[in-house]
Amino acid sequence: MKYKRRDLFKAGAAVLLGSQINGAADAASKDQKEPVNRGDVEPINGRWTIERVNQWYSKQPWMVGCNYVPTYAINQIEMWQGSTFNPKIIDSELGLAESIGFNTIRIFAHDLVWKTERNGYFNRIRQFLDICEKHHIRVIYTIFTNGGTEPSAMGPQPAPVPGLHNGGWRQTPGVSAVMNQPEKWGTMESYVKDTISTFAEDSRILFWDIFNEPSNNKAVKDIAGFVRLAFSWARQIAPPQPLTSAFLTYKLDRLNAFLAENCDFMSFHNYGGVKSLQSAFDQMKVLGRPIVCKEWLARHLKSTIQDCLPFFKKNNIGAINWGLIPGKLQTHIPWKYLLEKFPDSKKIWFHDLFDEKHRPYDPKEIELIMKLSGKKS
């Protein structure tokens, strides 16, 4: 992934941190579809100061871990609904994560489970957090995602399609169901506020990831508008944990301008090699806030444990790879375009670290993770 230098951060450190946003935005947006106005960028009341968030980050151990979906689940619904929730498997798998030095995992929620099983759902989250605490792991809680497909339904979920990477993931709240109907956006307010207020005082939640990859779905007509509203709901609760949402690109558009001025710290996803990571880091560090990479590890694309994890450690960037064990997600299988372009690519694991018998894909990777995390054998 290449990042253009006529972007939000290179052209805009002074823009975003200073008071000249309109003129710079007008100049930078000549070749952008969405002009950036001050109203799109101004922080919502309650954003953490640079001093506060850096003080918070300095008290954390180096964040190292993975995106976690248990092997029994093909999506968020199967992970959390009462009929399929399996704490025994979760306990075993998080024990494996702890054994290599992981101290952080990222999870994904779904509004449909909250809507249909609210009390049981929250009790299962508490049980999940108990298991995390047992294994000295804290949780990144992701509320929305426009990745995957819709509609979503409770009950039996689709079986994995052989050879398909992550074929059963579900959108929340759904592009057609809610995202492209602004008159329905307000139906998500109770979900966001109830979730955050219920767990705001739980120190086992490290931070709130308001929306997973908001820019990663071109079918959404006004993602910046919805994300701003979701952040505003969260700010009204004012949890003691910080808020974020990930950058995928760094062009000066409404969404990125909003994220740069409203995330308490910067987070990003990057499935490229060290050069790509360096480019992303160079652009975000000018904002003066901590940086966490919430998704990485794509062996076919030079995003490897051997190359990237030392970079994260050296630069004090939180490193949350995808994932732990492939399970029903089958995320060890490369993205479809890589399979088509490189037929032999399926011989190499794309994501993940262990098979379902908890055997490492590459023992040398695990050795390096343990060394950098400070985990003793």
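Colleague: Why does His136 count as exposed?

Modeller: His136 has a relative accessibility of 60%. The cut-offs are under 20% relative accessible area for buried, over 50% for exposed, and partly exposed in between, using a 1.4 Å probe and protein chains only. At 60%, His136 lands in the exposed class.

Colleague: What should I keep in mind about the model itself?

Modeller: It's a predicted model, where local features need pLDDT of at least 70 and side-chain atom pairs count only at pLDDT 80 or more, while totals for chains, interfaces and linings use all residues. Residues are numbered from 1 along each chain as its sequence is written, and side-chain values use heavy atoms, with hydrogens and water left out.

Colleague: Which peptide bonds are cis?

Modeller: The bond from Thr172 to Pro173 is cis, with omega near 10 degrees, and Pro173 lies in the loop between strand E3 (138-145) and helix H8 (175-179). Trp322 and Gly323 are joined by a cis bond too, with omega about -5 degrees. Gly323 belongs to the loop between strand E9 (318-322) and helix H14 (336-341).

Colleague: How do you know how the directions of H6 and H7 relate?

Modeller: Their axes come within 9 Å and cross at roughly 30 degrees, for H6 at residues 87-99 and H7 at residues 111-134. That makes H6 roughly parallel to H7. The axes are lines fitted to C-alpha atoms, for helices over the stretch in contact, and the angle runs from 0 to 180 degrees between N-to-C directions. Under 35 degrees counts as roughly parallel, over 145 as roughly antiparallel, 65 to 115 as roughly perpendicular, and the rest as oblique.

Colleague: Which residues of H6 and H7 meet?

Modeller: Pro87, Ile90, Asp91, Leu94 and Glu98 from H6 meet Gln127, Phe128, Ile131, Cys132 and Lys134 from H7. By class, that contact has 6 nonpolar, 1 polar and 3 charged residues. Contact means heavy atoms within 4.5 Å. Nonpolar covers Ala, Val, Leu, Ile, Met, Phe, Trp, Tyr, Cys and Pro; charged covers Asp, Glu, Lys and Arg; the others, Gly among them, are polar.

Colleague: What makes H7 and H9 roughly parallel?

Modeller: H7 and helix H9 (residues 189-199) pack at about 15 degrees, with axes 12 Å apart. That angle puts H7 in the roughly parallel class relative to H9. On the H7 side, the contact includes Trp114, Phe122 and Leu129, and on the H9 side Tyr191, Thr195 and Phe199 are among the residues. The tally is 6 nonpolar, 3 polar and 4 charged residues.

Colleague: Why are H12 and H13 called roughly parallel?

Modeller: Helix H12 (residues 274-284) and helix H13 (residues 305-314) pack at about 25 degrees, with axes 9 Å apart. They are therefore roughly parallel. Val274, Leu277, Gln278 and Phe281 in H12 meet Asp307, Cys308, Phe311 and Phe312 in H13. That contact has 6 nonpolar, 1 polar and 1 charged residues.

Colleague: How do you know that Phe128 is buried?

Modeller: Phe128, in helix H7, has 0% relative accessibility, so it counts as buried. Leaving out residues up to four places away in sequence, Phe128 touches Tyr68, Met79, Trp80, Ile90, Leu94, Ile105, Ile107 and Val139.

Colleague: How much of the chain counts as buried?

Modeller: 58% of the 377 residues.

Methods: Helix = DSSP H or I, 4+ residues; strand = E, 2+ residues; numbered from the N terminus.
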